[in-house]
Structures are given as structure tokens and as C-alpha cells.
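The following paragraphs lead the reader through the structure shown here, beginning with a single residue and its contacts. The model is a predicted one.

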Amino acid sequence: MKKMLGIFIVIMCVFIAFIILEKKINTEQNVNQKINENQEINENSLTLDELVGLVNNGQDILVYFYQPNCIYCQQAKPIISSLVNEMDIDLKVFNLQKYKNGWGEFNVEGTPTLIHFKGKEEISRLDYLGSEVEYREWFEHELISKQQGMK
């Protein structure tokens with residue numbers, strides 16, 4: 001009987017150790033994924049002066065206006081990030097929480113907002129939390145518009 005109890009305890013300890021190890025691995029993977037997403041966003045982040053300069057120079061750019069604490073932006077981020085990677089889009093990002101003057105400068109009323117600028121003007125805007133299909137269609141339309149402008 002004591003032998004069976006001992007075996008049971010060993011099996012339970014192994015089982016518990018396995019569960020703890022699995023949770024640790026999953027947590028590390030989630031942290032690494034978030035770090036990669038944030039690095040990707042930070043690489044394309046613009047300051048207010050940079051964005052104003054690009055628009056005033058007539059650059060053809062797509063810009064994602066967001067706030068880190070916006071729940072809708074948090075929901076949109078993985079969808080937009082996935083599409084940007086899949087469609088190889090050069091999407092610039094602008095943090096309205098950090099650069100508050102951007103609200104008035106670009107007439108942004110809420111986040112998330114995507115704006116296509118071309119020739120010093122706003123060409124198109126999507127200013128709500130969209131579905132993957134809506135974002136895909138918007139990006140496809142704007143990419144076609146960008147390509148036609150290059151001809």
C-alpha cells in the first residue's frame with residue numbers, strides 16, 4: 001500500500017511539474033510575440049514633425065493612428081499587423097497618446113484610424129474598428145491607388 005502511495009505521489013509530482021513547465025513556455029512565447037509586434041510597430045513609428053514633413057512633401061503614405069490604451073486599437077492591432085505582413089505593406093504608425101497635437105493636425109476623431117495621404121492631401125480614411133475583410137479591402141484599394149499613382 002505504501003508503495004502504491006509512493007508511486008501515486010511521484011506521478012502527481014511529475015504531472016504538476018509538466019503543467020508548470022508548459023505554462024512557463026506558453027508565457028515566454030506570448031511575451032516574445034508581443035515584443036516582436038511592438039518592435040515592428042516601433043520601427044515604423046513617426047513623430048509629429050516626421051509625419052507633417054512627409055505629408056507636406058506630398059509623400060504617398062498609409063498611416064495608422066492609434067493609442068496604446070485604446071481597447072479598439074488593441075483589437076485591431078493583430079488584424080492589421082497580420083495583413084501588413086501578408087500584403088507587404090509599408091504602414092507608418094502614429095501614436096496619438098504621445099503626440100496629442102496629431103488629433104487636430106489630421107482631424108482624427110477616434111482610434112483606430114487609417115489614412116492614406118498623397119500629394120499633400122488625404123485620399124482615403126477608415127476610422128473605426130473594422131473586420132479583417134474590411135481592413136483587407138481598404139488596404140487593397142489603397143495599394144491599387146498607390147500603384148496607379150506611380151505610373
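Tyr64 touches a set of residues beyond four places away in sequence, including Cys73, Ala76, Lys77 and Ile80. Also among its contacts are Leu91, Lys92, Val93 and Phe94, as well as Pro112, Thr113 and Leu114.

Tyr64 also belongs to the largest nonpolar core, which has 18 residues. Together with Ile80, Ile89, Leu91, Leu114, Tyr135 and Phe139, Tyr64 is one of the members that touch the most other members. At least two residues of this core come from each of β1 (61–66), α3 (71–87), β2 (91–95) and α5 (132–150). Helix α3 provides the largest share, with 6 residues. In soluble globular proteins, nonpolar side chains tend to be buried together.

Attention now turns to the sheet. Four strands make up an open sheet of mixed pairing, arranged in the order β2-β1-β3-β4. Strands β2 and β4 (121–126) lie at the edges, each pairing on one side only. On average, and with direction ignored, neighbouring strands are turned by 30° against each other. The pairing of β1 with β2 is parallel and extends over 5 bridges; within β2, Phe94 is the bridge partner of Phe65.

Two helices may be considered in relation to this sheet. Helix α2 (residues 48–56) packs on the sheet and touches β1, β2 and β3 (113–118), its direction making about 150° with that of β1. Helix α3 likewise packs on the sheet, in contact with β1, β2 and β3, and the direction of α3 makes about 155° with that of β1.

Methods: Residues are numbered from 1 along each chain as its sequence is written. This is a predicted model: local features need pLDDT of at least 70, side-chain atom pairs count only at pLDDT 80 or more; totals for chains, interfaces and linings use all residues. Side-chain values use heavy atoms; hydrogens and water are left out. A nonpolar core is a set of buried Ala, Val, Leu, Ile, Met, Phe, Trp, Tyr and Cys residues joined through side-chain atoms within 4.5 Å. Buried means under 20% relative accessible area, exposed over 50%, partly exposed in between (1.4 Å probe, protein chains only). Contact means heavy atoms within 4.5 Å. Two strands pair if DSSP finds at least two bridges between them. Axes are lines fitted to C-alpha atoms, for helices over the stretch in contact, and angles run from 0 to 180 degrees between N-to-C directions.
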